[in-house]
Amino acid sequence: MTTETKTRQRPAALTLTPAAETRIAELMANAPDDAIGVKLSTPRRGCSGLAYSVDYVNEESKFDEKIETPGGTFYVDGASVLYLVGSTMDWTEDDFQAGFTFQNPNAKGACGCGESFMV
């Protein structure tokens with residue numbers, strides 16, 4: 001009796017809105033020559049502990065989650081995935097500010113200035 005192993009595609013840890021995907025495409029259109037994508041990480045920073053950081057990346061890390069978007073590759077830092085599972089990343093802009101915003105069901109609180117969050 002032969003058993004066949006079936007694997008199924010797991011959902012991405014993070015959902016990107018169409019506005020976030022458009023912004024990633026804009027970033028990649030103006031990226032440095034060595035950039036292979038844009039990466040989200042959650043470094044320790046701010047008064048609540050963790051912050052969201054989006055930067056260009058020039059090499060792929062073995063443990064990063066890779067999300068293909070129409071405008072380029074988006075990476076989620078492997079060490080940050082646990083803090084971001086189920087989150088939605090959006091891009092918002094108005095007359096006074098623009099930036100990525102996050103709806104994160106894992107965040108138990110945030111600092112008053114919005115710089116950081118805790119899990």
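Guide: Let us begin with strand E2 (residues 37-41), which runs parallel to E5 and is joined to E5 by three bridges; strands here are DSSP runs of type E with at least two residues, numbered from the N terminus, and two strands pair if DSSP finds at least two bridges between them. Within this pairing, Lys39 has Tyr75 in E5 as its bridge partner. Before going further, please keep in mind that this is a predicted model, in which local features need pLDDT of at least 70, side-chain atom pairs count only at pLDDT 80 or more, and totals for chains, interfaces and linings use all residues. Residues are numbered from 1 along each chain as its sequence is written, and side-chain values use heavy atoms, with hydrogens and water left out.

Strand E5 itself spans residues 72-76 and is mostly covered, since five of its five residues are buried, where buried means under 20% relative accessible area, with a 1.4 Å probe and protein chains only. E5 also pairs with strand E4 (residues 65-69), and here the two run antiparallel, with five bridges between them. One of the pairs to look for on the model is Ile67 with Phe74, its bridge partner in E5. To follow the chain from E4 into E5, trace the hairpin that joins them through two residues.

How values were computed
Buried < 20%, exposed > 50% of the residue type's maximum accessible area, 1.4 Å probe, protein only. Helix = DSSP H or I, 4+ residues; strand = E, 2+ residues; numbered from the N terminus.
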